[in-house]
Amino acid sequence: VALYGFGNVRDERLHRCFKLQKVKFVRPLGGDTWFNILLLHQNRGVRGGGNAKGGVTEDMLKGFGFDLVIWGNEHEQMMMPSAIDGGEFDVVQPGSTVMTSLGAGESNPKQCGILEVSGTSYRLTPHTLRSVRPVVRRTVELWKEGVPKTIDGVEDYLRSTTEDMLNEAEVQIKKIPDEVLRKHPQVKFPLLRLSVEFYDPTGAEYPQPNANRFGQHYLDVVVN
């Protein structure tokens with residue numbers, strides 16, 4: 001195995017170096033018999049749109065003879081290998097092993113992977129991590145649910161929804177090993193993200209309860 005490591009470089013600088021063909025990799029003798037892996041810690045794709053140069057694209061890595069690229073920096077987990085256009089190499093994006101945000105990009109279960117290489121072939125076996133804090137996300141549109149257009153009606157519906165989310169989190173908590181809970185008892189408190197649409201296309205908007213006061217009811221059962 002030939003392993004190439006790239007520590008984080010300022011994205012604009014590295015982007016420019018690739019474009020000017022100033023990036024070179026030293027290949028071992030008998031290169032065709034080696035399995036070549038690149039470990040990269042950069043933005044995947046450019047950021048900012050237009051003429052942005054804040055990142056590296058898969059196309060920039062073509063022609064170097066890599067068999068597999070393990071792409072760091074991105075938090076979204078895409079553990080199953082994906083082939084780039086042309087099939088020159090595969091990309092694995094392990095993502096973060098802990099929750100870094102409540103965005104949809106981190107909705108996949110957190111995993112680690114075991115990589116096995118035989119000759120110029122490989123196999124990656126993902127394993128779901130069982131010691132990760134439970135996360136439950138939900139989005140509701142009040143007008144579609146027929147919620148009464150009163151502050152009490154809205155709060156009652158949101159409390160009911162939150163209880164359903166806590167029940168869903170409880171299912172995840174039961175999968176955490178007992179030894180993990182003994183060492184890290186706080187991990188059983190879940191992260192909840194309830195996004196609420198108060199807009200009603202058929203009439204006036206729904207009244208909005210005070211979010212901080214609403215959250216006070218759950219201080220002892222959720223971490224956020």
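This is a predicted model, and we start with its charged pairs.

**Exercise 1.** Find out how many salt bridges the structure holds, then look at the one between glutamate 58 and arginine 44.

*Solution.* 
- Step 1: The count of salt bridges comes to nine.
- Step 2: For glutamate 58 and arginine 44, the closest N and O atoms are 2.9 Å apart. A salt bridge needs a side-chain nitrogen of Lys or Arg within 4 Å of a carboxyl oxygen of Asp or Glu, so this pair qualifies.
- Step 3: Both glutamate 58 and arginine 44 sit in the loop between E2 and E3, so the pair ties together parts that are 14 residues apart in sequence.
- Step 4: Glutamate 58 has a relative accessible area of 22%, so put it down as partly exposed.

**Exercise 2.** Why does the ring pair of tyrosine 4 and phenylalanine 66 count as edge-to-face?

*Solution.* 
- Step 1: Some context: the structure holds nine aromatic pairs.
- Step 2: In this one, the ring centres are 5.5 Å apart and the planes meet at 75 degrees. Planes over 60 degrees apart count as edge-to-face, so that's the label here.
- Step 3: Tyrosine 4 is in strand E1 (residues 2-6) and phenylalanine 66 is in the loop between strand E2 (36-41) and strand E3 (68-72), so the pair ties together parts 62 residues apart in sequence.
- Step 4: Tyrosine 4 and phenylalanine 66 are both buried.

**Exercise 3.** Now describe the pair of phenylalanine 18 and phenylalanine 64, then find the cluster around these rings.

*Solution.* 
- Step 1: The pair is edge-to-face, with 6.1 Å from centre to centre and 70 degrees between the planes.
- Step 2: Phenylalanine 18 belongs to helix H1 and phenylalanine 64 to the loop between E2 and E3, so parts 46 residues apart in sequence are tied together.
- Step 3: Phenylalanine 18 has 9% relative accessibility, so it's buried.
- Step 4: Follow the ring pairs, and Tyr4, Phe6, Phe18, Phe25, Phe64 and Phe66 turn up linked in a cluster.

**Exercise 4.** Which residues form the positive patch, and which form the nonpolar patch on the surface?

*Solution.* 
- Step 1: Arg13, Arg16, Lys19, Lys22 and Lys53 make up the positive patch.
- Step 2: Zoom in on lysine 19, found in helix H1 (residues 11-19). With a relative accessible area of 59%, lysine 19 is exposed.
- Step 3: The nonpolar patch consists of Val1, Leu3, Leu39, Leu115 and Val117, with about 390 Å² of accessible area together.
- Step 4: Valine 117 sits in strand E6 (residues 111-118). At 31% relative accessibility, valine 117 is partly exposed.

Definitions and conventions
Residues are numbered from 1 along each chain as its sequence is written. This is a predicted model: local features need pLDDT of at least 70, side-chain atom pairs count only at pLDDT 80 or more; totals for chains, interfaces and linings use all residues. Side-chain values use heavy atoms; hydrogens and water are left out. Patches are made of residues with over 30% relative accessible area and no salt bridge: like charges are joined within 9 Å, nonpolar side chains (Val, Leu, Ile, Met, Phe, Trp, Tyr) within 5 Å. Accessible areas come from the Shrake-Rupley method with a 1.4 Å probe; for residues, only the protein chains shown count as cover. Lys and Arg count as positive and Asp and Glu as negative; His and the chain ends are not counted. The place of a charge is taken as NZ of Lys, CZ of Arg, CG of Asp or CD of Glu. Helices (H or I, at least four residues) and strands (E, at least two) are DSSP runs, numbered from the N terminus. Buried means under 20% relative accessible area, exposed over 50%, partly exposed in between (1.4 Å probe, protein chains only). Rings of Phe, Tyr and Trp (its six-membered ring) pair if their centres lie within 6.5 Å; planes under 30 degrees apart count as stacked, over 60 as edge-to-face and the rest as tilted.
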